[in-house]
Amino acid sequence: METCKIIIVLGLAGLLLQSCGQKDTSNMDLSELQRECEMLRQDRAKALENNVEAQELIDNIFASINSISGRTASLEHSLEENTSDDNRQKADEIAQDITLIKEKIERAEELEKFDKSTKMVIAKLKATIEQKQKEVDELKDIIREKDEQISRLDNQVSSLDNELGQTNQQLMESNAALADTREKLRESEINSWISMGDELINAAETLPKVKGHGNMKPIKKAKLLFIIKARNCYQKAYQLGSSVASSKISYAESLYRNNM
């Protein structure tokens, strides 16, 4: 379209220049003819200038759209790979570039320099840009939804961590209480064995010491039996970790030997 316009302008200029040589100067003032020729030259230069500007603008927009298309496709593929912060930053950068392109087109339209065909091309480019913006907005919605899902999962994990911490604390307290109970039971059992052994020793010591051997009189048998049973009680306490059982065992053994 621009080429046709230039050809028409050049043709008109040629006709006017030709008429300058054919027409009588009495019919057209020379200065007026010069003005007409100058206006044609200006129109031609303006047409060429506008054509260059339109071509540069369209080339620039095409390059930007291609770049945005590639970056949008890359972002779509990386949604499951990169972190939400990275994806959100890339989406924001693409959206900013789309805004810059739209502003550039609006400024060019305000100048009203372009012909109908150029305006049609720019209109199609605007439609493409709007589509790209829609795609980016959809990707941003997906990223936002993923952020919300991650936030919910983080909250769930935090809640589970708190519950686990409370459970562990309760378990530690239960274990401590159980250990305390076991220790008390152990001490109680030790005390029972020690007390039983002491009672047997006391019973044995209340019996008189019997001399002589042979058939061993019943009193001597009973006394030695009490001592042996007392020693066994002390042995049980020793196995449970009693700190005094060892000396009591030694005492019982010594008492047994003295009453043999």
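## Starting in a loop

At 39% relative accessibility, Val244 counts as partly exposed, a label for values between buried (under 20% relative accessible area) and exposed (over 50%), computed with a 1.4 Å probe on protein chains only. Val244 sits in the loop that joins H5 and H6. Its C-alpha atom is separated by 8.7 Å from that of Ile194, although Val244 and Ile194 are 50 residues apart along the chain. Just after H5, Gly241 has a positive phi of about 100°.

A word on the model: it is predicted, so local features need pLDDT of at least 70 and side-chain atom pairs count only at pLDDT 80 or more, while totals for chains, interfaces and linings use all residues. Residues are numbered from 1 along each chain as its sequence is written, and side-chain values use heavy atoms, with hydrogens and water left out. Helices here are DSSP runs (H or I, at least four residues), as strands are (E, at least two), numbered from the N terminus.

## Helix H6

H6 runs over residues 245–258, and its 14 residues should span 20 Å at 1.5 Å a residue; the end C-alpha atoms are 20 Å apart, which agrees. The expected span is 1.5 Å times one less than the number of residues.

Which residues of H6 are buried? They are Ala245, Ile249, Ala252 and Leu255. These cover an arc of only 130° around the axis, which puts them on the same side of H6; the arc is taken from the directions between the helix axis and the C-beta atoms. An α-helix has 3.6 residues a turn, so residues three or four places apart point the same way. The cover over the buried residues of H6 includes helix H4 (116–206) and helix H5 (218–239).

## Helix H5

## How the helices pack

H5 and H6 pack at an angle of about 165°, with their axes 9 Å apart. That makes H5 roughly antiparallel to H6. Axes are lines fitted to C-alpha atoms, for helices over the stretch in contact, with angles from 0 to 180 degrees between N-to-C directions. Angles under 35 degrees count as roughly parallel, over 145 as roughly antiparallel, 65 to 115 as roughly perpendicular and the rest as oblique.

The axes of H4 and H5 come within 8 Å and cross at roughly 165°, which makes H4 roughly antiparallel to H5. Residues that meet there include Trp193 and Ile194 in H4, and Phe226 and Ile227 in H5. H4 and H6 pack at an angle of about 25°, with their axes 12 Å apart, and are therefore roughly parallel to each other. Here Ile194, Asp198, Ile201 and Glu205 of H4 meet Ala245, Lys248, Tyr251, Ala252 and Leu255 of H6.

Thr72 belongs to helix H2 (residues 30–77). Is Thr72 buried or exposed? Thr72 is buried, with a relative accessible area of 4%. Apart from neighbours within four places in sequence, Thr72 is in contact with Ile94, Glu135, Val136 and Leu139.

Key: Contact = heavy atoms within 4.5 Å.
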